[in-house]
Amino acid sequence: MQIYLPIAELSVNLFFLIGTGAVVGFLSGLFGVGGGFLITPLLIFNGIPSSVAVASVTAQVVAASTSGAQSYYRRGAIDFQLAAFLISGGLVGSFLGVSTFNALNSAGQLDLVISLSYFFFLGGVGSLMLVESVRSLLRQRKGVVRPVHLPGQHSWVQLLPFRVRFKKSKLYISVIPVMGIGLAIGYLGSLLGIGGGFILVPALVYILRVPGNVVIGTSLLQVLAIMASTTFLYAINSQNVDIMLAFCLMVGSVAGAQFGAAAGQKLRGEQLRALLGLIVLAVALRFAYSLVVAPNDPFTLITKLGLV
Amino acid sequence: MRGVVLATAIAWLLLTGPALPQRIISALSDQTISIDSNFTGKKLTIFGNVEPAVGDPSLSNQGPYDIVIVVKGPPATHTVREKTPQLGIWLNSGSEGFANTPSYFYVLASNELGKIASAETLAANQISFESVFGTEANAANGAFDFSGELRRLLSKKGLEGVDEHAVHFLSPTFYSTQLDMPANVPSGLYLVKTFLFANGNLIEDQPVVFNVRTAGIERFLENAAHENPWIYGIASVLLALFTGWLGSVAFKR
């Protein structure tokens with residue numbers, strides 16, 4: 001069954017959209033990530049213009065992270081104070097990201113920058129995940145039991161001024177790295193159409209030493225707020241949020257996430273991370289392929305209605 | 001031919017007015033084409049009749065006739081970009097913009113265009129692709145000339161074409177043809193210009209218009225996104241929040 005997407009201005013199979021949402025939702029439930037970094041590439045590889053794909057997926061990520069954030073909120077697992085500082089940095093980042101996106105789009109280099117960023121970014125993160133999880137799997141096989149070891153805070157984080165006490169996270173740290181992390185994630189997320197949870201969580205754990213009981217809930221809240229602001233910015237600036245597209249993805253992913261979360265409890269953390277690392281790497285390689293291999297048609301046409 | 005003579009004779013008898021050359025009366029099967037959620041394209045019938053000359057016998061009997069129909073979509077800016085490999089990566093390196101050109105351009109004729117009229121006459125009446133998309137001017141002042149590529153890409157999308165045997169005469173004066181509108185037609189106002197030729201001379205041209213527009217919820221969303229972007233943005237965020245909330249309530253994660 002075809003459905004016409006009014007902003008993308010093309011017809012797509014409805015079951016493809018809901019199915020994509022469901023599969024990615026399943027994976028996101030399984031791994032505890034938002035899934036934007038999978039949906040956006042899948043849409044681009046299937047012919048949705050990257051400008052519409054990025055902007056619409058931000059709306060889908062809002063729905064996915066709302067679902068997640070709510071269950072963490074019920075358990076009281078969100079540090080609102082920390083989230084507020086992250087979000088204030090993130091809002092600036094999302095504003096910058098949307099501006100960069102629009103500038104690249106009018107210069108005709110958006111696809112290139114998106115492909116390159118996805119390749120380097122997902123390639124790096126995927127390799128790290130894979131190496132780290134394979135190492136710990138091997139260690140377990142050898143029977144070496146190493147305690148989960150979190151060294152004291154990095155000296156440079158400790159030295160920064162403007163320190164604030166975060167009661168829920170039991171931290172007394174400078175707000176500069178907090179807002180900086182928020183800004184970086186907001187920028188990347190809005191430019192690439194990803195929530196960024198899969199980078200934000202490690203950043204909060206390893207750089208800021210946010211305790212495990214609040215880190216996911218807090219990161220979900222940050223992703224929710226930033227993606228909501230990004231959706232809004234895209235809607236008013238470039239008018240490329242296709243709500244029909246976003247809604248089909250939301251429906252699929254919100255449902256799929258439930259089954260993924262249930263399946264995730266049967267797999268071990270290291271296995272999950274190795275699997276996620278593989279998927280992330282595969283997406284990175286797919287982008288590399290599209291950059292290196294000669295396109296079927298080196299010429300592309302973009303038509304914009306209206307008199308100049 | 002006898003039909004024309006007869007019709008002319010009848011008109012001659014019935015009407016006593018100022019002298020008028022042949023006229024064409026043209027019509028379309030649809031005034032509006034609605035793009036709804038399951039739109040897969042549409043065939044539009046264009047038909048008409050060559051009305052006999054009135055009042056001046058020297059103007060009558062100019063047949064046989066040739067008909068050329070030019071269909072132009074709403075104005076647009078086309079940008080053709082070329083990817084070339086640089087340092088092993090394929091990236092957009094050259095581009096050419098075609099501003100204020102039709103988003104859809106189709107020429108339907110009853111005979112080969114070269115046999116209907118001279119190239120100058122066709123160009124003067126904007127019947128050829130080159131005369132509408134301004135190839136010569138662009139080639140002169142730009143490093144790139146992508147008009148050939150533009151034509152190829154448009155025609156690949158079914159948005160450009162020439163069919164020299166599409167217009168059929170069902171009688172010496174009554175003609176009819178079909179226009180294929182693909183699923184991806186741009187929405188807006190379309191101009192259908194019918195040209196009547198006889199013996200290489202343009203006798204008359206006549207414009208009619210039709211409208212292509214999205215219908216239903218698609219139309220509503222498209223308008224909202226472009227005309228009320230603030231409301232559309234807020235509504236999008238609220239819809240996402242609500243869907244997410246509904247999901248977490250429904251599944252009680």
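These questions and answers go through a predicted model with chains A and B.

Visitor: At what angle do the axes of helix 7 and helix 9 of chain A cross?
Guide: Helix 7 covers residues 175-192 of chain A, and helix 9 covers residues 212-237. Their axes come within 10 Å. The crossing angle is roughly 50°.

Visitor: Are these two helices of chain A parallel or oblique to each other?
Guide: Angles under 35 degrees count as roughly parallel, and 65 to 115 as roughly perpendicular. The axes cross at roughly 50°. Helix 7 and helix 9 of chain A are therefore oblique.

Visitor: Is the crossing of helix 7 and helix 9 of chain A left-handed or right-handed?
Guide: Handedness describes how helix 7 of chain A passes helix 9 of chain A. Here the crossing is right-handed.

Visitor: How many polar residues does this helix contact have?
Guide: Helix 7 of chain A brings Gly182(A), Gly186(A), Gly189(A) and Ser190(A). Helix 9 of chain A brings Gln222(A), Ile226(A), Met227(A) and Thr230(A). Gly counts as polar here. With two nonpolar and no charged residues, the contact has a polar count of six.

Visitor: Which are the edge strands of the open six-stranded sheet in chain B?
Guide: The strand order is 2-12-11-4-7-8, with mixed pairing. Neighbouring strands are turned by 15° against each other on average, direction ignored. An edge strand pairs on one side only. In chain B these are strand 2 (32-35) and strand 8 (160-163).

Visitor: Which residue stands opposite Phe105(B) in strand 8 of chain B?
Guide: Strand 7 of chain B spans residues 105-109 and runs parallel to strand 8. Four bridges join the two strands. Opposite Phe105(B) stands Glu160(B).

Visitor: Which element gives the largest share of the side of chain A that touches chain B?
Guide: The contact takes 50 residues from chain A and 54 from chain B. Elements giving two or more residues on the chain A side include helix 3 (50-74), helix 10 (243-264) and helix 11 (269-292). The largest share is 10 residues, and it comes from helix 10 of chain A.

Visitor: How many charged residues are on the side of chain A that touches chain B?
Guide: By class, this side has 35 nonpolar residues. Another 14 are polar. The charged count is one.

Visitor: What is the bridge partner of Phe299(A) in strand 5 of chain B?
Guide: Strand 5 of chain A pairs with strand 5 of chain B, residues 75-86. The pairing is antiparallel, over seven bridges. The partner of Phe299(A) is Glu82(B).

Terms used: Residues numbered from 1 in each chain as written. Chains lettered and ligands numbered in written order. Predicted model: local features only at pLDDT ≥ 70, side-chain atom pairs only at ≥ 80, totals over all residues. Axes fitted to C-alpha atoms, helices over the stretch in contact; angles between N-to-C directions. Parallel < 35°, antiparallel > 145°, perpendicular 65-115°, else oblique. Left-handed = near helix turned anticlockwise from the far one by under 90°. Contact = placed C-beta atoms within 7 Å. Pairing = 2+ DSSP bridges.
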